[in-house]
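Take a walk through this structure, one stop at a time. Keep the sequence beside you as you read.

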Amino acid sequence: MAFPDEQLEARLVAALPHDADFASARYMHERAVSLDVRNGVVEPIWTGRDEGVMVTVWRAGGSGYSATSDLSEAGLARAVDEAGQWAARAAGGGLVHGMPLAHTVGDYASPIDVGFDTLGPADQIEMLRAADAAMGGDDRIVDRSASLTRFHTHSLLVTNGGGRVCQEISQVFPNLRATANEGSNTQSRTYGGAALVGQGGAEVLGRHGFSDAPAQIAEEAIELLLAPNCPSGTMDLILAPDQMVLQIHESIGHPLELDRILGDERNYAGTSFVTPDMFGSYRYGSELLNVTFDPTVPGQLASYGFDDDGTPAERTHLIRDGILQRPLGGAISQHRAGMDGVANSRASSWNRPPIDRMANLNVEPGDTALADLIGGIEHGVLMETNVSWSIDDSRNKFQFGCELGRLIVDGELGAVVRNPNYRGISATFWRNLTGVGDTDSLRVMGVGNCGKGEPNQQIRVGHASPHCRFSAVEVFGGAE
């Protein structure tokens, strides 16, 4: 893949110190645009542009970073000099001995079937107007919005040993929301809790039925307004894919981050109940639980060819048949821990160093149809779409709330209930996994706001899952 600015690429390569043990320059340029129609009114269009370079230098076991938005020859030279000074100060005192980073060559680009150049800004606004209008018509809908946000990111990683990784990623975030009110009761329904997203062009809008969703979202907001509260008690629970996104993210993804397990990440969002000795033998879930790290899924939100350290991405089982296999750790964390990990060293922008992050973290589909998952329940509830979450600082005990619940009685899906919530302990919860939906119920989704690190790095991650059934879950929602 050709880099758009050959002169800049030449300056990046020339600036790197060839006598360092390892040195890299990671350039990133990102453009963003967001359109929103709310209650029939077109909101101001938001656009963003971000560009700069992170320089990394390793000398004698010490590493140093310096980031700059000055892309001139002099600006890059200053950044290299500053990173080198930090590396010299850290030499001999670091936790990493030896050089775990490689001089990789390769490229990646998001697959795009229908470019947004075929759907101009006026067309996009008209589409959002129509979606917004389709959610109106009932006086009990007191607030509604339809929005579309897109990011286009171009990155180039070059190293002092001839490494060169060029990647171009396009991400699309459509969203819908309808809020209904009557008296003191207010209920909202959304387009999958903002999880129905992906890489690509305008075809992303069709993957999850964006044009057909508005009327159903408004109808379900009204239905929730009239529904009773979710009953409380210990019962069977089916989670829809757009709630499984949050369940996977918080109770598998974050606990398996290797820098968190090693104790590096604890200031911002806590540590992990997982310890290094668990890998290879710990029963994380029932034998039905299979979880993969897979940045190679075409069109999923966090797909890429290489992480930000240049490690090639590949599909890897983290949990196989319920047994914990390997952590979410990039090259440096793997080197420190002495265990295999994955290509997940990622930075949120040019001015942040890469750290261990989720990419596409997916629950693999089973062989049970959704009707059979429901048919196997005498008394339970099906919950859709995350609305709230809380988890302890070891990423173990959790409590999550959903937008909509449906009672299940004697194997039949019944009435809608509002304010459904459930709580549990990660290992106990996953060990009570009694059914995994087949490929027909699998949905490929993502999360745009995963936060981690000091200073904070907000990053985009992918999650795919079918419907999943759990037994003996503590459910609550205000009704007896």
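A polar contact is a pair of N or O atoms within 3.5 Å; within protein, one must be able to donate a hydrogen and the other to accept it. Keep in mind that the model is predicted.

Start at D70. This residue sits in the loop between β4 (62-68) and α2 (73-90). The side chain of D70 makes a polar contact with the side chain of R78, at 2.7 Å. The side chain of S72 is another such partner, also at 2.7 Å. Beyond residues up to four places away in sequence, D70 touches G75, L76 and R78. D70 has a relative accessible area of 28%, so it is partly exposed.

Move on to a sheet. Four strands form it, in the order β13-β12-β11-β16. The sheet is open and its pairing is antiparallel. β13 (323-324) and β16 (361-363) are the edge strands, each pairing on one side only. Two bridges join β12 (residues 316-320) to β13. In one of them, R320 has I323 of β13 as its partner. Helix α6 (residues 241-253) lies across β11 (291-293), β12 and β16. The helix runs at about 115° to β16.

Next comes E265, in the loop between α7 (258-261) and β11. Side chains of opposite charge can pair when their charged atoms come close. E265 is buried yet has no salt bridge. The nearest side chain of opposite charge, R260, is 4.2 Å away, and a salt bridge needs a nitrogen within 4 Å of a carboxyl oxygen. A polar atom of the E265 side chain does lie 3.3 Å from the backbone nitrogen of G453.

Elsewhere, such pairs do form. How many salt bridges does the structure hold? The total is 23. One of them joins R189 and E403, with the closest N and O atoms 2.7 Å apart. R189 is in strand β8 (residues 185-190) and E403 in strand β18 (residues 397-409), 214 residues apart. Both residues are buried.

E220 and R406 form another salt bridge, at 3.5 Å from N to O. E220 lies in helix α5 (residues 213-226) and R406 in strand β18, so the pair ties together parts 186 residues apart in sequence. E220 has 6% relative accessibility and therefore counts as buried. R406 counts as buried too, at 17%. R189, E220, E384, E403 and R406 are linked in a network of salt bridges.

Technical notes: Residues numbered from 1 in each chain as written. Predicted model: local features only at pLDDT ≥ 70, side-chain atom pairs only at ≥ 80, totals over all residues. Heavy atoms only, no water. Buried < 20%, exposed > 50% of the residue type's maximum accessible area, 1.4 Å probe, protein only. Contact = heavy atoms within 4.5 Å. Pairing = 2+ DSSP bridges. Axes fitted to C-alpha atoms, helices over the stretch in contact; angles between N-to-C directions. Lys, Arg positive; Asp, Glu negative; His and termini not counted.
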